Each structure stands twice: as structure tokens, then as C-alpha cells.
Amino acid sequence: MLESVNMLFLDNPELVERIEAFCSQDPEYLKLRQEFYETAHEIAEIVGFEQYSKFESRFGLYISCVNDLYYRFGLGLRQGVFTALQPKVS
């Protein structure tokens, strides 16, 4: 079972392309992405590319960490709900 899950989510060379295609169907995502890149270019022009690149890399790592923690918290919460809803077997 674990092998199947790994193949779906970790060892799947098509995954990134499929996620990008999925995201590209969302008009809000497309609008926000465009606005982000416009603002990013404006800031890079003001502070310089090297400083902006450093900020963007660190911010990306921070946001990824936060997203991961929220996801793991949600998984734990979901597991707690499933456990609470299961009948106790004696």
C-alpha cells in the first residue's frame, strides 16, 4: 500500500505538470499569480535583484513550512475525529 501511495505522490514525474494544469484552470489563482509577479518585479527594481531573491527564497521556505505544519495539524485533527467516531470494540 505504501508503495502505491509513494508512486502516486512522490515518484510521479507527471505530478508537477498535473498540479500546474489544475491551478491554471482557476481564474483567481491566475489573477493572484500575475499580481504577485508584477509586485515582485517592482520590489526587485527598488531593492535590487540579489536582495529580493534572498527575501523570496526565505519567504518561500517559511510559507512552505507553515503550510506543512497546518496540513499535518489538519491530518491529526481528522484522525482524532475518525477515532472519536469509531465504535469502541471490546
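The model is predicted: local features need pLDDT of at least 70, side-chain atom pairs count only at pLDDT 80 or more, and totals for chains, interfaces and linings use all residues. Residues are numbered from 1 along each chain as its sequence is written, and side-chain values use heavy atoms, with hydrogens and water left out.

**Fold**
- The protein chain has four helices and zero strands, where helices (H or I, at least four residues) and strands (E, at least two) are DSSP runs numbered from the N terminus.
- Read from the N terminus, the order of elements is α-α-α-α.

**Surface**
- Of the 90 residues in the protein chain, 4% are buried; buried means under 20% relative accessible area, exposed over 50%, and partly exposed in between (1.4 Å probe, protein chains only).
- The accessible surface of the protein chain is about 8,800 Å², and carbon and sulfur atoms account for 62% of it (Shrake-Rupley method, 1.4 Å probe).

**Largest pocket**
- The largest pocket has a volume of about 200 Å³; a pocket is an open set of points on a 1 Å grid over the protein atoms alone, where a 1.4 Å probe fits, with protein on both sides within 12 Å along at least five of seven lines. The volume is the space filled by probe spheres set on the points, which are joined across faces, edges and corners.
- Its lining residues (an atom within 4 Å of a point) are Phe36, Thr39, Ala40, Ile43, Tyr52, Phe55, Glu56, Phe59, Gly60 and Ile63.
- Helix H3 (27-47) and helix H4 (49-85) each supply at least two lining residues, and H4 gives the most, with six.
- The lining divides into seven nonpolar, two polar and one charged residue.

**Cysteines**
- A search of the whole structure finds zero disulfides, a disulfide being a pair of cysteine sulfur atoms within 2.5 Å.
- Cys23 is partly exposed at 23% relative accessible area, and Cys65 is partly exposed at 42%.

**Confidence**
- The mean pLDDT (the predictor's confidence in each residue, from 0 to 100) of the protein chain is 87, and 87% of its residues reach 70 or more.
- Where pLDDT is low, predicted coordinates should not be read in detail.

Notes: Ala, Val, Leu, Ile, Met, Phe, Trp, Tyr, Cys and Pro count as nonpolar, Asp, Glu, Lys and Arg as charged, and the others, Gly among them, as polar.
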